[in-house]
Amino acid sequence: MERRSFLAAAGATVATSLTGCSGIGTTGETSTESGRRTLVVGTYSPFIDAPSSSPGAWLKEQFESEFDARLVWQTPSNELNHYIERRKAGVDVEADLYVGLNADDLVRVDETLDESLFADAGDLNGQSDVKDGLSFDPEGRAVPFDTGYVSLVFDGTSTTAPETFDGLLTEDHAGDLITQNPSSSDTGRAFMLHTVKQFGADGYLDYWADLQANDVRVLGSWDDSYSAWSEGEAPIVTSYSTDRVYADRYDQNLEKHRIRFLNDQGYANPEGMAVFEGANEPDLAREFMQFLLRPEVQGEIAVRNVAFPATTNADLPSDYAKFALEPPEPVTFTYDELQGSVGEWVKDWSQQFAQN
C-alpha cells in the first residue's frame, strides 16, 4: 500500500521467495529467540520505515510493552502480492495479519484466488466506533484502521488550482498537473476511480484523453510525483488532503501546500487490516486489531501516518483539524461496485494512455 512517506521510502526489502521468509524485510524477534508468542504482521514498507514519520516502531513498542508477545513486521517488496502468490502456490503464508489493504486490493485478492486469503474478523472491541461509510468488506474480514482523502495539492505562490474537474482541462492549466499511474499507485488509482465516479464508466476515458491533450504528466508512484512537484516541475499534484499536516510539522510554507477538492469532493481511500486464514496466532492477531482501534492508538496512527483515523473517538492533537482537511463530500466505490470492474477500468486506462 503506497502511502505518505514524503520522501522516497527506504529500500528495506529484498526480492520475495515462495520457499520461505528470506526475501521479506522483517523487523522484530522470532519466537525461538524470545520464548513468547510471536505475532507476524505483513504491511507496506513506509508504514515501518518512512524517513519522515511512520507508526510501525511506535506500535511495536507499545504492543510489546502491554502484551506478553513479540511483534514482527514483514515488509515484502511486492507487498500484498507476496501473500497472494504464496497462497496460489499452496505454501504457508507465514504471517498472521496484514495491515494496509483497501477495497480494490480486496477485490483483486478475491478475483485472483479460489480459496480465501483472509478470515472473518469476528466481534472486535472498537469496531463499532469505525466511521460510517469506511467499512468496505461485505464479508467482514477487513476492518479499517485509517483513511485518506485523495485531492489536489497545489503551490499557491504560483497558481490557483481549478475548482472542478473540467477546470483542469483549460489552457490556463496546460501542463500543470502531475498525477500517478493507476496500475502501479494507490493514489493514482484512487484519482482514476474518482474520474470514473464523476464521468461514468463510459466517459472517464474521454476525460483522460482531454487531460492528455492538456499535457498531464503521469508518473509511476506517489513518491516520484510528489518529489517532482516539490522540485517545481509542475504546480499541482494528486496527493492527500492531510498534506498541510506534514508541511506544518516541518515548518514549510503553507501557501505552497494548499488543498483543492475538485467539485467539493475527495476520494476516500480507507486502509484495512485482516487476519490471514490459517494464521498461527489468530487470537493474538485479533487482539492486535482491537489494540489498533483504541482511541489513543488511532490518534497516533493518524499523526504518524499523516492520515485520518478510522474511528469517531480517536485522540488527536487539538490543531490537527486545522491542517487535516476533510472534503465537503467524500466519495468512493464499494467493494460490490468494484468487483468485476476495477481491473477492466485500469486495463482500459492503460491501453488508452499508451496509445495516445
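**Helices, strands and loops**

Author: Helices α4 and α5 cross in the right-handed sense, where right-handed means that the near helix is turned clockwise from the far one by less than a right angle, and left-handed means that it is turned anticlockwise by less than a right angle. This is a predicted model, in which local features need pLDDT of at least 70 and side-chain atom pairs count only at pLDDT 80 or more, while totals for chains, interfaces and linings use all residues. Residues are numbered from 1 along each chain as its sequence is written, and side-chain values use heavy atoms, with hydrogens and water left out.

Reader: At what angle do the axes of α4 and α5 cross, and within what distance do they come?

Author: The axes of α4 (residues 80–89) and α5 (residues 103–112) cross at roughly 15° and come within 11 Å; an axis here is a line fitted to C-alpha atoms, for helices over the stretch in contact, and the angle between N-to-C directions runs from 0 to 180 degrees. That angle makes α4 roughly parallel to α5, since angles under 35 degrees count as roughly parallel, over 145 as roughly antiparallel, 65 to 115 as roughly perpendicular, and the rest as oblique.

Reader: Which residues make the contact?

Author: From α4 they are Leu80, Asn81, Ile84 and Lys88, and from α5 they are Asp105, Arg108, Val109 and Thr112, with contact meaning heavy atoms within 4.5 Å. The residues of this contact between α4 and α5 divide into 3 nonpolar, 2 polar and 3 charged; Ala, Val, Leu, Ile, Met, Phe, Trp, Tyr, Cys and Pro count as nonpolar, Asp, Glu, Lys and Arg as charged, and the others, Gly among them, as polar.

Reader: And what about α7 and α14, how far apart are their axes?

Author: The axes of α7 (residues 204–213) and α14 (residues 342–355) are 11 Å apart, and the two helices pack at an angle of about 35°, with α7 passing α14 in a right-handed crossing. On the α7 side the contact has Tyr204, Leu205, Trp208, Ala209 and Gln212, which meet Glu344, Trp345, Asp348, Trp349, Gln352 and Phe353 of α14. The residues of that contact divide into 7 nonpolar, 2 polar and 2 charged.

Reader: What does Phe353 touch, apart from its close neighbours in sequence?

Author: Leaving aside neighbours within four places in sequence, Phe353 is in contact with Trp208, Gln212, Val216 and Val218. Between Phe353 and Leu205 there are 9.0 Å in space, C-alpha to C-alpha, although the two are 148 residues apart in sequence. Phe353 counts as partly exposed because its relative accessibility is 21%; buried means under 20% relative accessible area, exposed over 50%, and partly exposed in between, using a 1.4 Å probe and protein chains only.

Reader: Changing topic, how many helices and strands are there?

Author: The protein has 14 helices and 14 strands; these are DSSP runs numbered from the N terminus, a helix being H or I with at least four residues and a strand being E with at least two. Of its 356 residues, 56% count as buried.

Reader: Which strands does β11 pair with?

Author: Strand β11 runs antiparallel to β6 (residues 149–154), joined by 2 bridges, and it pairs in the parallel sense with β14 (residues 329–331) over 3 bridges; strands pair if DSSP finds at least two bridges between them. Tyr267 of β11 stands opposite Val150, and Tyr267 also stands opposite Val331 in β14.

Reader: Which way do the residues of β11 point?

Author: In β11 (residues 265–268), Gln265 and Tyr267 point one way, whereas Gly266 and Ala268 point the other way, and all are buried. In a regular strand the side chains alternate between the two faces of the sheet.

Reader: Where does Asp264 sit, and what is its phi?

Author: Asp264 is in the loop between β10 (258–260) and β11, and it has a positive phi of about 60° although it is not a glycine. Most residues other than glycine have a negative phi. Asp264 counts as partly exposed because its relative accessibility is 49%.

Reader: What about Glu94, where is that one?

Author: Glu94 lies in the loop between α4 and β4 (97–101), and it too is not a glycine but has a positive phi, of about 65°. With a relative accessible area of 27%, Glu94 is partly exposed.

Reader: Last one: is Thr159 buried or exposed?

Author: Thr159 counts as buried, because its relative accessibility is 14%. Its place is in the loop between β6 and β7 (177–180), and, not counting residues up to four places away in sequence, Thr159 touches Phe154, His173, Asp176, Pro235 and Ile236.
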